[in-house]
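Here's a quick tour of a structure made of two chains that meet. Have it open while you read, and follow along one topic at a time.

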Amino acid sequence: MTEPTIKDFEAAIAELESIVKKLEEGDLTLEHSLALYERGVTLSRYCHAQIEDVERRIELLNERGELKPAPVGLGADATSRRGE
Amino acid sequence: MQKEECREARDAGTFLILHSTFFIAAASFSSLRAAMASLFDLPFEEPEPEPLLPAEPAIVRDAPAPAASARKERVVYSVSDLTARIRGVLERDLPELHVEGEISNCRQWNTGHIYFTLKDANAQIRAVLFRSAARQLRFRMEDGQHVIVRGRVEVYEAKGEYQIVCDRVEPVGAGALQIAFEQLKRRLEAEGLFDAARKRPLPTLPRTIGVVTSMDGAALRDIITVLRSRFADARVVLRPARVQGEGAALEVARAIRAIAVVRGIDVVIVGRGGGSIEDLWAFNEEIVARAIAACRVPVISAVGHETDFTIADFVADVRAATPSAAASIVAAHRNDVCTKVHRLHDRMHALVRTRVTAARGRVHAASGRTALAGWPGRVAMRARHVFEMRHALQRAMRGRIDRATRDSTALQRRLEARDLRRRVGLARTRAVAARGRLDGLLQQRRHRLEARLGAAAGRLEMLSPLAVLGRGYAVCWDAGGRHAVRRADSLQAGDRIHVTLAAGRVDATVTETHPDDNTRSDPQPS
């Protein structure tokens with residue numbers, strides 16, 4: 001997920017925290033609150049997308065520095081073959 | 001005489017391994033002698049074979065002669081002869097031996113050779129460990145260490161000195177590995193490699209996990225099993241490395257360096273399952289420690305069991321008790337971060353909802369007051385359109401109700417769209433209740449207004465000029481019914497007019513106009 005205004009996950013979570021802090025402190029106009037909220041929702045969506053954006057797989061890094069899929073059954077449990 | 005020396009040596013408590021062949025051709029020692037010569041000329045080089053010295057065998061061969069004829073004539077040795085003889089005796093009779101003592105004055109030269117003195121309470125002897133043997137050392141020789149060395153005694157004739165040329169040095173008491181461990185630990189610690197300040201935090205969101213371990217070990221199985229159960233979507237990049245045996249440390253170090261540069265790697269787990277101190281040794285090697293310290297991403301060490309501490313553990317950013325524990329740490333860290341994101345989202349949502357609800361209440365209250373003010377006055381002033389105005393008012397109010405309903409629905413939708421499902425029910429209930437209250441409020445206002453309008457209309461009727469109609473007057477309206485006709489010259493024959501009477505209305509057509517005559521069309525004078 002690309003979101004030009006967000007540097008990375010760490011920055012997103014930090015900004016989300018600061019938004020919540022501002023909202024907690026109050027003293028904001030309704031417009032400002034809603035603008036912060038919109039931004040917060042964007043950040044939160046980004047974070048969730050990042051959390052879910054992992055492709056479950058095991059790879060082997062060989063001597064030549066190439067990544068190859070690990071042999072099926074590596075780790076010796078049935079669930080590792082889900083979706084294969 | 002040689003046997004005597006042997007006995008003396010034994011008496012001195014030195015453990016000797018004696019060859020039965022006392023009379024080995026002395027020629028075989030010539031290379032050793034050459035070595036001795038280079039030994040004492042610093043800087044030293046390792047001995048290299050040199051051609052035999054022709055004079056050498058003669059001295060040894062001649063040696064028994066003076067002794068045999070000692071009673072007859074005085075034998076005078078040259079210094080060289082004597083020294084050569086001493087050397088011959090020492091080197092022949094003390095071929096390979098083990099000596100126990102304490103190290104002092106230990107120095108390693110740039111060439112790699114280590115020079116030291118071996119001593120006990122009463123005596124000392126110089127010793128050297130050449131580079132090739134020094135490389136085999138598992139620990140670092142230091143002053144004060146109690147060791148057993150294996151080597152040969154050799155003599156340097158040019159200086160009249162002798163020393164032990166060692167080929168092996170072993171610590172007494174603690175094992176060599178233990179000492180090596182302590183030494184490397186002390187050294188790296190002094191370098192600051194274990195400093196808490198150097199420890200990097202785990203990545204905020206670990207997604208791709210590098211693993212350096214052996215392909216067939218229990219560690220890999222454990223790590224994958226734990227990740228499967230607690231962090232199902234993890235991406236794992238495995239760099240296999242032998243984790244024990246000759247060359248294992250080098251392989252592990254290379255694997256760490258290789259995996260650190262793979263794109264996307266967030267954290268590296270390095271380790272192996274349990275084993276003896278020898279099995280775990282690769283993780284106590286400096287090369288592995290350096291690779292961990294230089295790794296671009298945080299490293300979690302996971303070596304052996306809970307009770308096993310290796311140098312790798314001290315250098316790593318995080319030490320896990322076992323490989324399973326390492327995987328658990330990563331999974332827990334990731335799950336904590338997920339929870340945190342959810343909490344932040346929920347908190348933000350709750351805060352904004354409260355804020356919006358409060359604002360909405362104020363908006364409705366305020367708009368109700370300002371918009372409705374002034375209505376009764378206007379209505380009273382325009383009595384003729386009382387009923388139309390009433391309708392207009394009702395339309396306007398309906399519009400406002402509709403708008404309020406739309407606003408409320410839109411807000412409700414936004415809430416629904418962004419809220420977690422369990423909140424939607426609550427939000428909807430609140431929205432409906434708010435709309436109900438709003439509708440009630442407006443209804444109430446409308447009734448009040450209508451009552452006031454009715455009263456005003458009644459009063460207006462009493463005071464209206466229209467009341468005059470009851471007394472027989474009529475009002476004449478133009479064709480559009482908008483203007484009362486006041487002047488005859490505003491009409492022409494054929495214009496349609498409307499006449500309002502006290503009861504009812506007449507539509508008429510003008511047949512004739514008399515702009516100047518005020519009397520003829522007057523009603524019958526009384």
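Which residues of the largest nonpolar core touch the most other members? They are B:Val252, B:Ile256, B:Val268 and B:Ile292, out of 60 residues in that core. Before going further, note that this is a predicted model, where local features need pLDDT of at least 70, side-chain atom pairs count only at pLDDT 80 or more, and totals for chains, interfaces and linings use all residues. Residues are numbered from 1 along each chain as its sequence is written, while chains are lettered from A and ligands numbered from 1 in the order in which they are written.

**The cores**

- A nonpolar core is a set of buried Ala, Val, Leu, Ile, Met, Phe, Trp, Tyr and Cys residues joined through C-beta atoms within 7 Å.
- "Buried" means that 20 or more other C-beta atoms lie within 10 Å of a residue's own; with 12 or fewer it is exposed, and in between it is partly exposed, with C-beta atoms placed from the backbone.
- Helices (H or I, at least four residues) and strands (E, at least two) are DSSP runs, numbered from the N terminus.
- Setting aside neighbours within four places in sequence, B:Val268 has contacts that include B:Gly210, B:Val212, B:Ile256 and B:Cys295. Two residues count as in contact if their C-beta atoms, placed from the backbone, lie within 7 Å.
- There's also a second, separate core of 19 residues, and among them are A:Ile13, B:Leu205, B:Val337 and B:Met348.
- In soluble globular proteins, nonpolar side chains tend to be buried together.

**Chain A**

- Chain A has 2 helices and 2 strands, and from the N terminus on they run α-α-β-β.
- Of the 84 residues in chain A, 25% are buried.
- Take the contacts in chain A between residues at least 6 apart in sequence: 44% of them join residues at least 24 apart.

**Where the chains meet**

- Chain A puts 36 residues into the contact and chain B puts in 32.
- On the chain B side, helix 8 (218-230), strand 8 (235-240), helix 9 (248-260) and helix 12 (323-372) each supply at least two residues.
- Helix 12 of chain B gives the largest share of that side, 11 residues.
- That side of chain B splits into 19 nonpolar, 3 polar and 10 charged residues. Here Ala, Val, Leu, Ile, Met, Phe, Trp, Tyr, Cys and Pro count as nonpolar, Asp, Glu, Lys and Arg as charged, and the others, Gly among them, as polar.

- Look for an open sheet of 7 strands with mixed pairing, in the order 2(A)-1(A)-8(B)-7(B)-9(B)-10(B)-11(B). Two strands pair if DSSP finds at least two bridges between them.
- Strand 2 (67-69) of chain A and strand 11 (318-320) of chain B are at the edges with a single partner strand each, so one side of each has no neighbour in the sheet.
- From one strand to the next, the twist averages 25°.
- The chains join where strand 1 (residues 57-61) of chain A runs parallel to strand 8 of chain B, with 4 bridges.
- Along this pairing, A:Leu60 stands opposite B:Leu238, and A:Glu59 stands opposite B:Val237.
- Helix 8 of chain B lies across strands 7, 8, 9 and 10 of chain B, at about 160° to strand 7. Axes are lines fitted to C-alpha atoms, for helices over the stretch in contact, and angles run from 0 to 180 degrees between N-to-C directions.

- An open sheet of 3 strands in chain B has the order 12-13-14, with antiparallel pairing.
- Strand 12 (475-477) and strand 14 (505-509) of chain B each have a single partner strand, so one side of each is left without a neighbour in the sheet.
- Strands 12 and 13 of chain B pair over 3 bridges, and B:Val475 stands opposite B:Thr500 in strand 13 of chain B.

**Helix 7 of chain B**

- The buried residues of helix 7 of chain B are B:Ile179, B:Ala180 and B:Phe181.
- Their cover includes strand 6 and helix 11 (311-315) of chain B.
- Just after helix 7 of chain B comes B:Gly192, with a positive phi of about 90°.
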